[in-house]
Amino acid sequence: ALTGTPGVGKTTVAALAASDGWTVVDIKAWAAKEGCVVAFDEADQAAVIDVKKLAKRMPAGGRLLFEGHLSHLLPVDVAWVVRCNPDVLRPRLAARGYSATKVVENLEAEALDLILQEALDGVPRVIQRDGTRRSPEALYKAFADAGLGSAKDDDLEPVDWSDRLPFE
């Protein structure tokens with residue numbers, strides 16, 4: 001799984017992984033194709049995906065990389081968690097046209113390690129990297145160099161933005 005808060009650089013890293021031989025599966029597109037989008041959240045302006053239903057349709061084998069901020073909720077062996085400093089993340093989210101409320105929700109999720117904690121709860125091996133000051137190529141290399149299933153321990157690059165809370 002390639003996961004992280006919206007705007008941290010997952011899609012860019014996924015494109016580099018694809019050029020390196022990975023088969024990248026965009027979670028949103030795959031969920032829509034498989035009939036696993038069960039609603040639309042008006043307040044969040046986002047599709048609601050039935051991750052359990054989607055998990056039952058997991059393809060097998062190969063170098064598959066599931067990309068999206070829900071991918072760590074699928075039955076995967078390793079989660080690559082991309083992190084980004086909220087000061088850098090804020091303008092990226094605003095540029096996407098997110099409401100002020102949605103921007104703050106995502107900044108808080110990033111500062112509270114929400115996706116990292118979910119990944120640690122459900123994925124056998126978690127690799128966390130801070131992409132704030134890395135080029136996309138260096139960030140992809142930092143994940144690829146960490147290896148995949150052979151190591152048992154999580155590999156968590158230190159990240160802490162909790163001192164920035166609360167956001168406005």
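Modeller: In this predicted model, the lining of the largest pocket comprises 13 nonpolar, 10 polar and 10 charged residues.

Biologist: Which residues lie nearest the centre of the largest pocket?

Modeller: Pro6, Lys28, Asp44, Ala46 and His69 lie nearest its centre, out of 33 lining residues. The volume of this pocket is about 800 Å³. At least two lining residues each come from H1, helix H2 (27–33), strand E4 (46–49), H5 and helix H6 (114–122).

Biologist: Which residues touch the most other members of the largest nonpolar core?

Modeller: In soluble globular proteins, nonpolar side chains tend to be buried together. Here the largest nonpolar core has 25 residues, and Leu2 and Trp80 touch the most other members. Helix H1 (10–19), strand E6 (78–83), helix H4 (86–95), helix H5 (100–111) and helix H7 (136–144) each give two or more residues to this core. H5 gives the most, with four residues. Apart from this core lies another, of 19 residues, including Trp30 and Phe66.

Biologist: How is the pair of Trp30 and Phe66 to be read: stacked, tilted or edge-to-face?

Modeller: A pair of aromatic rings is described by the distance of the centres and the angle of the planes. The ring centres of Trp30 and Phe66 are 5.5 Å apart and the planes stand at 35°, so the pair is tilted. Trp30 in helix H2 and Phe66 in strand E5 (residues 64–67) are 36 residues apart. Trp30 is buried, at a relative accessible area of 10%, and Phe66 is buried at 4%.

Biologist: What is the geometry of the pair formed by Trp80 and Tyr140?

Modeller: That pair is edge-to-face, with 6.2 Å centre to centre and 65° between the planes. Both Trp80 and Tyr140 are buried. Ring pairs also link these two with Trp22 and Phe143 into a cluster.

Definitions and conventions: Residues numbered from 1 in each chain as written. Predicted model: local features only at pLDDT ≥ 70, side-chain atom pairs only at ≥ 80, totals over all residues. Heavy atoms only, no water. Core = buried A, V, L, I, M, F, W, Y, C linked by side-chain atoms within 4.5 Å. Buried < 20%, exposed > 50% of the residue type's maximum accessible area, 1.4 Å probe, protein only. 1 Å grid on protein atoms, 1.4 Å probe; cavity = no way out; pocket = protein on both sides within 12 Å on 5 of 7 lines; lining within 4 Å. Points joined across faces, edges and corners; volume = space filled by probe spheres on them. Nonpolar A, V, L, I, M, F, W, Y, C, P; charged D, E, K, R; others polar. Phe/Tyr/Trp six-rings, centres within 6.5 Å; stacked < 30°, edge-to-face > 60°.
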